[in-house]
Amino acid sequence: MTLALQILRSPLGAAWLVLVLATVVSAIVGWGQGGGAAAGSAVLGISFLKAYLVADQFMEVRTAPTWLRWAFGGYCAGVGGTLIGLLLLL
Amino acid sequence: MSAPGGVPAPSGIAAGPPTAGRDRPTRRLPAELGAWLFVLADLTVFAFLFGAYLVDRSGQEAVFRAGQDRLLPVFGVVNTLLLLTSSLAVATAVRLLRRGSPAVPRLLGLAVACGLAFSVLKIAEYGDKLSHGLDPQTDAFFMYYFVLTGVHWFHLACGLLMLTGMIAVTRRGSPLSPHERIYVEAGATFWHMVDLLWIVLFPLLYLV
Amino acid sequence: MSSVADGQDVVRSASPAVARSSQFLWMMRFQRACAWGGAASITIFIGGFALAGFIPPVGANDSAAEIARHYRDHQVGIQLGGLCFIVAGMFYAAFTGAISAQMSRIPGVHRSVHYVQLASGAFGCLTYLVPGLFLEIAAFRVDRPDETIRMLNDMFWILAVMPWTPFLTQNWAFAFAILADRRSPSLFPRWLAYFNVWAPISFAPSVLLPFFHAGPFAWQGIFVVWIPAIVFILQFAANVTCLLRAIADEEAEGPQGERDGADPCRPGATGLGAVGGVR
């Protein structure tokens with residue numbers, strides 16, 4: 001159990017907790033019908049923030065060369081933005 | 001090395017990646033360039049898959065809503081938590097690997113267990129859909145549902161194979177050669193990508 | 001050595017070393033031509049589609065009348081396109097050979113890796129030849145019933161788009177050899193291995209095309225034809241470029257096999273025990 005506690009107290013564990021919370025929040029926001037495009041956009045937005053957090057902390061992009069940080073940031077912002085745009089405009 | 005004040009500096013997992021000095025961490029590419037090109041290429045294709053889903057959905061909203069109604073988000077939430085936990089285990093294992101901890105193969109084993117649990121749930125979910133006569137050719141929604149989750153699961157299966165290899169390499173206890181280290185880090189990177197893809201895929205299919 | 005590089009006749013009374021080096025140069029030229037065959041292969045392959053009016057592809061859900069009209073309107077183009085595919089396959093064989101030749105310069109790579117690359121590449125040539133012949137058959141007589149023409153069209157498209165498996169084993173064997181190269185600098189850049197692992201995976205969605213006549217997973221869909229086509233082109237560009245660099249490296253090395261008494265150009269040279277390797 002000591003290792004598990006150590007992990008939870010580490011930056012990685014903190015990131016995991018944030019991700020779990022964000023998962024629960026987005027599930028609540030998006031559950032069921034009638035949420036509409038606004039709820040959908042919020043859910044997608046949260047999911048891309050989660051994706052960036054996974055890259056940043058778990059994949060060690062945070063300490064990776066700058067081009068990779070830009071690539072992941074660009075991906076999450078660009079793809080996330082495009083999908084939200086598609087959701088809202090189409 | 002101890003921090004000012006006599007409190008021992010964080011070690012093991014609580015410590016960050018190796019630092020050159022106190023102020024600025026050295027920038028380091030985990031694994032190697034090719035692994036990241038692979039990941040970025042795969043992410044790009046998945047981006048097109050996500051986009052195609054939303055474009056097709058806009059033309060047939062009723063069909064997609066009806067299909068989504070047949071899904072059980074609880075499956076997706078549990079699967080997300082399983083993958084997040086597995087990623088935590090893998091990321092921790094990679095950090096500890098640098099310090100030669102014996103917990104590494106156990107953590108990787110936990111990740112494999114999570115991946116297998118995901119697979120069992122996925123099979124159960126597919127079985128449930130198929131038993132109700134819903135298959136990839138039922139309608140556009142279920143085409144995307146089966147293809148997207150199927151392609152994702154295929155990536156997960158490859159990731160499980162890689163994790164197994166990583167366990168074999170790290171279980172020996174002896175220090176890893178530079179190429180073995182690259183292999184372990186590349187495998188970890190791939191596994192995190194599998195997690196990352198599901199993080200977007202689950203809300204897209206089940207919630208949005 | 002460079003004085004005989006411009007292809008002057010080797011005088012019979014010249015030393016054996018000069019004769020061997022001229023032979024070496026001709027061998028390098030052959031190899032280089034084979035490597036450029038890769039560029040020729042992909043260019044002619046795409047050209048074949050263009051000549052046949054298949055950019056963009058006809059749809060799997062097009063009616064028999066529409067397909068038949070396409071074949072009648074583009075008969076000559078389709079016949080030329082079919083020839084293009086057959087020629088592209090020929091160049092692909094040469095390209096495969098050049099890959100094997102350079103792979104053999106990586107020390108420690110087992111012959112099974114070479115055999116898989118070579119055999120898969122040969123297998124892959126069929127994926128050019130057979131669809132090309134089907135186009136010839138389809139365009140041979142365009143006064144056939146519309147439905148018959150559509151069936152022949154189905155045969156072309158499924159054969160042209162679906163077979164990705166030869167490329168998987170070929171590319172993965174090549175990638176395996178690249179990653180097995182522990183030298184620094186390695187003969188091929190390591191990222192090329194990762195690209196050759198990923199590229200056939202991007203072709204894999206073609207397994208879905210039997211199940212869909214319309215949409216993104218049909219033979220005309222983005223994930224079955226467009227993305228794989230773009231990746232295929234990029235893959236050729238990367239492989240040909242790196243192959244030419246590897247050949248330049250061999251040219252710079254010169255016929256050093258002479259030193260060990262082993263001619264690296266002889267048939268069966270595996271690289272094991274040759275230049276840079278362990279005896």
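Among the elements of chain C in this predicted model, helix α9 (residues 257-260) has the lowest mean pLDDT, at 44, while helix α3 (residues 75-103) has the highest, at 98.

**Confidence by chain and overall**
- Chain C averages a pLDDT of 89, with 87% of the residues scoring at least 70.
- For the model, the scores are ipTM 0.94 and pTM 0.88.

**Contact between chains B and C**
- Chain B contributes 16 residues to the contact and chain C contributes 15 residues.
- On the side of chain B that touches chain C, α1 (33-59) and α5 (140-171) of chain B each supply at least two residues, and the largest share, 10 residues, comes from α1(B).
- By class, this side of chain B comprises 12 nonpolar, 2 polar and 2 charged residues.

**Helix α1 of chain B**
- With 27 residues, α1(B) reaches 40 Å from its first C-alpha to its last, which is close to the 39 Å expected at 1.5 Å a residue.
- The buried residues of α1(B) include B:Trp36, B:Phe46, B:Tyr53 and B:Arg57, and the buried residues of this helix pack against α4 (66-89) of chain A, against α2 (61-69), α5 and α6 (178-207) of chain B, and against α7 (190-203) of chain C.

Technical notes
Residues are numbered from 1 along each chain as its sequence is written. Chains are lettered from A and ligands numbered from 1 in the order in which they are written. This is a predicted model: local features need pLDDT of at least 70, side-chain atom pairs count only at pLDDT 80 or more; totals for chains, interfaces and linings use all residues. Two residues are in contact if their C-beta atoms, placed from the backbone, lie within 7 Å. Helices (H or I, at least four residues) and strands (E, at least two) are DSSP runs, numbered from the N terminus. Ala, Val, Leu, Ile, Met, Phe, Trp, Tyr, Cys and Pro count as nonpolar, Asp, Glu, Lys and Arg as charged, and the others, Gly among them, as polar. The expected span of a helix is 1.5 Å times one less than its number of residues. A residue is buried if 20 or more other C-beta atoms lie within 10 Å of its own, exposed if 12 or fewer, and partly exposed in between; C-beta atoms are placed from the backbone. pLDDT is the predictor's confidence in each residue, from 0 to 100.
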